[in-house]
Amino acid sequence: MEKEKEKVSRDGGGNILEKLPDAILTEILRSLDLETLSSLSSVSRSLNSSVCHLLLSFSSLDLTSFSPDSGTLGALVSRHGCLKNISVDCLRLHDRPLENLLGEHVVELNLLKCSFLSYNFLVSIGTKCPNLRLAIRPAKAPHVSCRIFHFKLSFGYGKIYSRGAILSEDIRIEKKVLMLELVGREAPEIFRTNLTWMLRGCSALETLSLKIRLTELDAEGFRGMEFLLPKTVRSLKLQPVRGHDMIHFMHEVGVNMDYLNLSSSFNIPQSSGTFGFKLQHLVLVLDVISDELIISITNALPLLIELDLEDRPTNEPSAHQDLTNIGLQSLCSLHCLTRLSLVRNKRNCHSASFKRTNDMGIFLLSEGCIGLESVRLGGFSKVSDAGFASVLHCCQNLEKFEVRNSLVLSDLAFHDVTRAPCCLVEVRLLNCYFITSETVKTLASCRNLEVLDLCGCRSIADPELSSISALHNLTTLNLGGADITDSSLSVLGWGDLPITSLCLRGCKRVTNRGISLLLKGKGTINKTLAALDLGHMPGISDKAIYTIAEAGLGITDLSIRFCFFVTDSALEALAFKRDLNKHRKPIRRLDLFKCIGLSAKSSQLLRVPSFCCLWWLGVGGTCLASEGNAVIKESCRKRPWLTLCFEGCEIGCHDGWQFHLPENFDN
């Protein structure tokens, strides 16, 4: 027996699996998680080959959980010749590596955070991806299987090439999708020219999403798009676009709709796809939302299911260029509408709001659109509790409800929410200063609630907050800016809520003791919590970070920006936060922006083996970004999957990637 054990150990322990028939071995490998697969691939060449063969059978690749460099992307693409659905975080990539992804086999392409991508890449898409079209498999294969690469993946014997990928197989329907997030560094004319070439080549698109950041001038780039857009498009997302251009766009669509109706009345034959858009989902970021725009949309797109409009005016709109109750009432003609979002952003004008709408407009909207399942209203400064309450009581299928920047919304709007016919799953009340803990108590009766976001509701305090413990399905809780103390965290620490994301940013009365009560209680949150935000909290110091490293078993994303009393010692504790025997997960994303208590010596903690699984690190405003910069870059040469952010972005650079400089990625 001892000799057998010695032989198994000497052979790497792979002989037993290798003797199994290929079909049985494949089924066993399919049931394993990616960490186990990665370990098996390093046991022997035979198992490495089996694992790689299994991975090659997947048709979808998702690299959006981290930002791969060109080497990592190239290693993946070289081993996958038939990827049909591709999603990539392009924060560190230029044109050439991405061009290797393109081909006739691609039917869905999502390229996010394209900081360094040129407009010429649009031509490459149109030329190399003519088959961005619908592909339906037989109904006998409805199963969808997804495997998540939260761990290292070996494609060569003992070589690591990728982390954070998602591979999928057996997808029944593959939609023709194209999503691009670009930076507007070139002239709008260049963009329009290249966009024309792309849309001519991708003539069968169903979903098109084009977002351009950094400059508002590129709003001109979408002018005349109604003549280029494939008639097969069902979902359209554009950012930024000018309101008057979209009004003209809708006018052209309306003319085509009239032609279709006339042709149908006289039985005139027509070629498929020649006239008429059949848009069902429309998402726009504009300069201004007006009655004329809303009315033109409702007239041109009567089958609309989703309407998401956000404007960013530079000054207060005039009376004839603003949204009023008339525009809200016109939405009642959209009988298929289930998701509605109307938001006025204060980014360019701090006083901007929908001042010409009131409760009457919301009453009319609620009565006419009773089929709404998701409602998001931002900047409706003249709408009172009665108006918002009407949405809750009239929309019988309502599951998601969000209000932003309301000056008068209070607890009264939710007073009778228990009598409302809707079944709320997600509630977000952002910067609503008159919302107190009474609303939390009332919402506790919504037992299906999964997301509760109260960011900026600074009147929320400890009383009645214990009622949250009744929400047994709650996974996301945001109490940012609330006036809570350590005792509130004690309630969460002793509860059994399945919370995976918790934000306490700006809770200035919470101290190190509160974090200890949260994570060292006898509840389940220390195991379920994956993302924790402790930014802008003066009561947080090294002691709280020690608690997180010791007791925060599941925490992988941590933000401690503007925590001035965090020092090198705390960072060292996080660097080695991994103990597989106790199921303690390592830190993957860490935000240290403006942690001025850190010294340049802490950059040594980025050397292997510390922070072994780190994907994203924000070091802006610290000594790590100045004196320790060279040391960090040298250390990161051995970590091609690690993204360093010097610009002060939030975790993942989801809103700020457009400001990144090329030299910060020259590792």
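These are my notebook entries on a predicted model of one protein chain.

**Ground rules.** I number residues from 1 along each chain as its sequence is written, and side-chain values use heavy atoms, with hydrogens and water left out. In this predicted model, local features need pLDDT of at least 70 and side-chain atom pairs count only at pLDDT 80 or more, while totals for chains, interfaces and linings use all residues.

**Overview.** I looked up the secondary structure and found 21 helices and 26 strands (DSSP runs numbered from the N terminus, helices being H or I with at least four residues and strands E with at least two). Of the 667 residues, 55% are buried (under 20% relative accessible area, 1.4 Å probe, protein chains only). I then checked contacts (heavy atoms within 4.5 Å): among those with a separation of 6 or more, 77% join residues 24 or more positions apart.

**The cores.** Which residues have the most contacts inside the largest nonpolar core? I found Phe401, Leu424 and Leu429, in a core of 163 residues. A nonpolar core here is a set of buried Ala, Val, Leu, Ile, Met, Phe, Trp, Tyr and Cys residues joined through side-chain atoms within 4.5 Å. A second, separate core has eight residues, among them Leu91, Val183, Cys645 and Cys653.

**Helices H8 and H9.** Two packed helices are described by the angle between their axes and the distance between the axes. I looked up H8 (residues 120–128) and H9 (residues 188–201): their axes come within 7 Å and cross at roughly 10°. Axes are lines fitted to C-alpha atoms over the stretch in contact, with angles from 0 to 180 degrees between N-to-C directions. H8 and H9 are therefore roughly parallel to each other (angles under 35 degrees count as such). The H8 side of the contact includes Leu122, Val123 and Ile125, and the H9 side includes Phe191, Leu195 and Trp197.

I also noted which residues of H8 are buried: Phe121, Leu122, Ser124, Ile125 and Gly126. They pack against helix H7 (95–99), strand E3 (108–114), strand E10 (177–183) and H9.

**Val77.** Is Val77 buried or exposed? At 14% relative accessibility, Val77 counts as buried. I place Val77 in helix H6 (residues 70–77). Val77 touches Asn100 and Leu101, not counting residues up to four places away in sequence. Val77 and Leu101 are 24 residues apart in sequence, yet 6.6 Å apart in space, C-alpha to C-alpha.

Terms used
Buried means under 20% relative accessible area, exposed over 50%, partly exposed in between (1.4 Å probe, protein chains only). Angles under 35 degrees count as roughly parallel, over 145 as roughly antiparallel, 65 to 115 as roughly perpendicular and the rest as oblique.
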